[in-house]
Amino acid sequence: MSVMVQVSELTYTNDDGIRVLDDVHLHVEREEMLVITGHAAAGKSILLELLATQRAPQSGQILVHGRNITRLTRRKAVGLRRRIGYLPHGFPLLERTVLENLVFKLRALGDFREQAEERSLIALEDVGLTAKLNVPVPELSSVDRMRAGLATSICNEPLLLLVDEPLADLGPEDRETIGSVLSRIHAKSTTVVVATRGPIPAAMAGARSVSLVDGKVVT
Amino acid sequence: MSTFLYVFRELLGSIKPRGAMLLLLTGVLIFAALGAFSAFFLFQTPAALGSSPLTGEEFVAYLDPQLTTLQIEALYAALRADPSVARIDYLLPQELGRRDASGALLVQPVEGAAEAVFAQLDSSGAVFRVDRPTASGGIPGALSPSARTGLLVGLLVGIAVCLIVARFGLKDLLQAFDGQLRMMHLAGVDEAAYSVPVLVAGISCGLIASAAFIAVLYAFHLAAVSNPTSVITLAPGLRSAGCVRRIAALGGAIGVGLGLLVGGLGVGLVFRRGQKPGS
């Protein structure tokens, strides 16, 4: 297996001068599933934002899919984002039906309508939401909204999926459901990195996990 | 449908009434700015427009009410046969809206022959009044210097207000389109795919305002030409096709330029949103 994500000596200080990430070293193999745990404000979200090229690194090195993020031009960063499915915590979907959300993303990426609908249906099948494809997002339950978010993130078949707090605000049963959805996505040769406050659902028990403590990665 | 058209349609589809009203107001302000701009040229003497006095300019000769139909026809035929007259039209008293004349002749002399034709008409005894432009700028409708200054200040203030209103309108539009923008940003959609439609939306404001301005300008021009004695002729430039053409071209370009400025403002707002962490 080759490396999908390689983080070395990564340090990040927030606007308040607090060192959120301190000399972080991390690697994720291709087609691996990694769970990053840590308490609230441990820096998990910032780490995922950095990996997703949504935030500019301050120091250290981040390699994603063989590209050094710290040296990417704006244009190349946009190109890399197409290979990364990123679902931030609380990401608001459009107030449309589930299918329309996915179709919008794919059409904006250049797909024709038929192609976009076809790929959307495949993604919805992967997350088990085919039965609710025509339901408006505001009418979905929390767990189905998370499924819809995951479907939106994977509909363009990214190589790397980064998910921030997918289990927050969910009951034990729903956490297991989302855990098994993530495992299913991982099983389809997608590298998955999940950040969560824990506990890790049984469906994701096979995943490697690391913790972020005081800005450092603890294995 | 291309990505651009798809995103453009989505952008227009997400616009809320308030944003639509503000962008409409932006178009109206651009239209008003173009109107103020055109006044500089329309209310000028032909000399200031770059042509020599009288040359190629029409004037209206009001015919004596005592003239018989035969005398009018003879005068009309004589002037029509005159090589120094480029064009001549007869206007009925009803068209003039006045009873103290047997109608009027709308005469356009050839280059350099204006003075001779005017003198000929004056000495014919058949004409009791001639409305003609003069080199001294003494024609009705010429702007005074203070009016010109006021117009210039009004124009600049109008443009500034237009850009402020446009900014509010664009912010409203982008607020309504925020979900789509975030999704496209996260998905790695090419920045041009969502910034160009915003730019085009801004240009459209200027383009529509320019088109409306040109249509109104030509409507006034046609009215001025077909009825030279109407109030519209207080703006002498309206009777000159060349002048109107120049104003239309220049006004159209300025309108599109202002639209481009509005669009650029929108693109700036899009990028500012994109640079916010987590957005």
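B:Val60 stands opposite B:Asp131 in E4(B). Strand E1 (residues 59-63) of chain B is joined to E4(B) by four bridges, and the two run antiparallel; strands pair if DSSP finds at least two bridges between them. The model is a predicted one, in which local features need pLDDT of at least 70, side-chain atom pairs count only at pLDDT 80 or more, and totals for chains, interfaces and linings use all residues. Residues are numbered from 1 along each chain as its sequence is written, while chains are lettered from A and ligands numbered from 1 in the order in which they are written.

**The sheet of chain B**
- Four strands form an open sheet in the order E2-E3-E1-E4 (chain B), with antiparallel pairing; strands (E, at least two residues) and helices (H or I, at least four) are DSSP runs, numbered from the N terminus.
- Strand E2 (85-91) and strand E4 (127-131) of chain B each have a single partner strand and stand at the edges, so one side of each is left without a neighbour in the sheet.
- From one strand to the next, the twist averages 20°, angles running from 0 to 180 degrees between N-to-C directions of axes, which are lines fitted to C-alpha atoms, for helices over the stretch in contact.

**Helices across the sheet**
- Helix H3 (residues 69-81) of chain B lies across E1, E2 and strand E3 (104-109) of chain B, and runs at about 160° to E2(B); contact requires C-beta atoms, placed from the backbone, within 7 Å.
- Helix H5 (residues 114-124) of chain B lies across E1, E2, E3 and E4 of chain B, running at about 150° to E4(B).

Key
Two residues are in contact if their C-beta atoms, placed from the backbone, lie within 7 Å.
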